[in-house]
Amino acid sequence: MKILQVNAGTESGGGRTIIINLIRALRKDNIDVQLLVFEKGPVADWAAKYNIPTTIMNQEGRLDLRVVHRLSKFIVDNKIDVVNTHGPRANFIMSLVSKKVKAKWVVTVHSNPLLDFSDNIKGKLLTQMNLSAVKKADHLILITPRFEAILEQVGVDKNKMGSIFNAMDFSEELPQTVHHDVFSLVNVARLTPVKNQALLLKTLAQVDFDFRLKIVGDGELGKQLQDLSRNLGLEAKVEFTGFYDDTSPYYHKADLFILTSNSESFPLVLLEAANFGIPAIATDVGSCDQIISDGTGWLIPPANSDKLKEALIAAYKKWQEDQLRPMGQKFYQYCSHNFSSQRLSQALMDVYQSL
């Protein structure tokens, strides 16, 4: 069986990592899988790091539909059996190709499709184009079961949907973490409204214990969040590091990971925290409730400062007692068992072979 994974190529952060991880998982099981992107960018660059066979279509902007014929020809010439698309642009272009090829078509839904674009005329049009496209697919893989009701409401056949959680390659050894001299927190996320770092900053301004927070990422709210931090008197305690491909040094220097998003699908950053033995506070959105189990962290309602403050105080007390490290190791053991690349590969192949 020959599998083709397709993406626009401009994904960064978690979206890119998810695509590369699933290809690596399949290749470890000697599955014939390759990557196709419409533009040279972060996805192709990362694929090159892992020697993943990659084709770049060199699409000249989003409206260059010459890529439709090139994609169709590529699928036929390479005798592709299954095409798995990731992201609205890949979904839309594949929808124009799907009836012209014999390959089965699978869409992986990485995020809430109703929130992928801005709430303006252009955004609403792009949302409708994406929803119209995914309805034509043979199967939809949802990375959180919570998307099923959303997609059913817009007309997707529930019999064509199934959930497969994200995964990663975990360290083979139990992580040995450090109890830092000052309670050290890390948030790895884009600086955008949906990640709601403003809630984290406003809540931390209310606690009466010492801490240090590193926010790792960039985005449209960068200056606004830095101004908020300064206005709250947190400038000496909060560092905005910017975006880094390799975030491992920041996990090593943390006692606790925090994710305050208003919406998520299956946040890979929680698995990354687990891999470094760092327990987490996360909002109960997407599949966070599948990742954080009893004794590995705290789940809180989204946009709720009171509950976030309660969790921070509880975590600080655990830190004082040097009990965060055992929690982090339990987090690693749970996630490495349930969200391994091997499990992901088998689950994907079960879907592909059933079509």
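**Exercise 1. At what angle do α10 and α13 pack, and how far apart are their axes?**

Helices here are DSSP runs of H or I with at least four residues, and strands are runs of E with at least two, numbered from the N terminus. The axes are lines fitted to C-alpha atoms, for helices over the stretch in contact, and angles run from 0 to 180 degrees between N-to-C directions. On this basis α10 and α13 pack at an angle of about 120°, and their axes are 7 Å apart. That angle makes α10 oblique to α13, since angles under 35 degrees count as roughly parallel, over 145 as roughly antiparallel, 65 to 115 as roughly perpendicular and the rest as oblique. The residues that meet, with contact meaning heavy atoms within 4.5 Å, are L270, L271, A273, A274 and N275 in α10 and G328, F331, Y332 and C335 in α13.

The model is a predicted one, in which local features need pLDDT of at least 70 and side-chain atom pairs count only at pLDDT 80 or more, while totals for chains, interfaces and linings use all residues. Residues are numbered from 1 along each chain as its sequence is written, and side-chain values use heavy atoms, with hydrogens and water left out.

**Exercise 2. Find which residues of α13 are buried, and explain why they lie on the same side.**

Begin with burial: buried means under 20% relative accessible area, exposed over 50%, and partly exposed in between, with a 1.4 Å probe and protein chains only. The buried residues of α13 are L324, M327, G328, F331, Y332 and C335. They cover an arc of only 145° around the axis, and therefore lie on the same side of α13; the arc is that of the directions from the helix axis to the C-beta atoms.

**Exercise 3. Describe the buried side of α14 and what covers it.**

In helix α14 (residues 341-354), the buried residues are S341, L344, S345, L348, M349, V351 and Y352. Because they cover an arc of only 160° around the axis, they are on the same side of α14. The face turned away from this buried side carries the exposed residues Q342, Q353 and S354. Among the elements that cover the buried residues are β1 (2-7), α1 (14-28), β4 (82-86), β5 (104-109) and β6 (139-142).

**Exercise 4. Is T127 buried or exposed?**

T127 lies in helix α5 (residues 121-134). With a relative accessible area of 8%, T127 is buried. Not counting residues up to four places away in sequence, T127 touches P113, L114 and F117.

How values were computed: Expected span 1.5 Å × (residues − 1).
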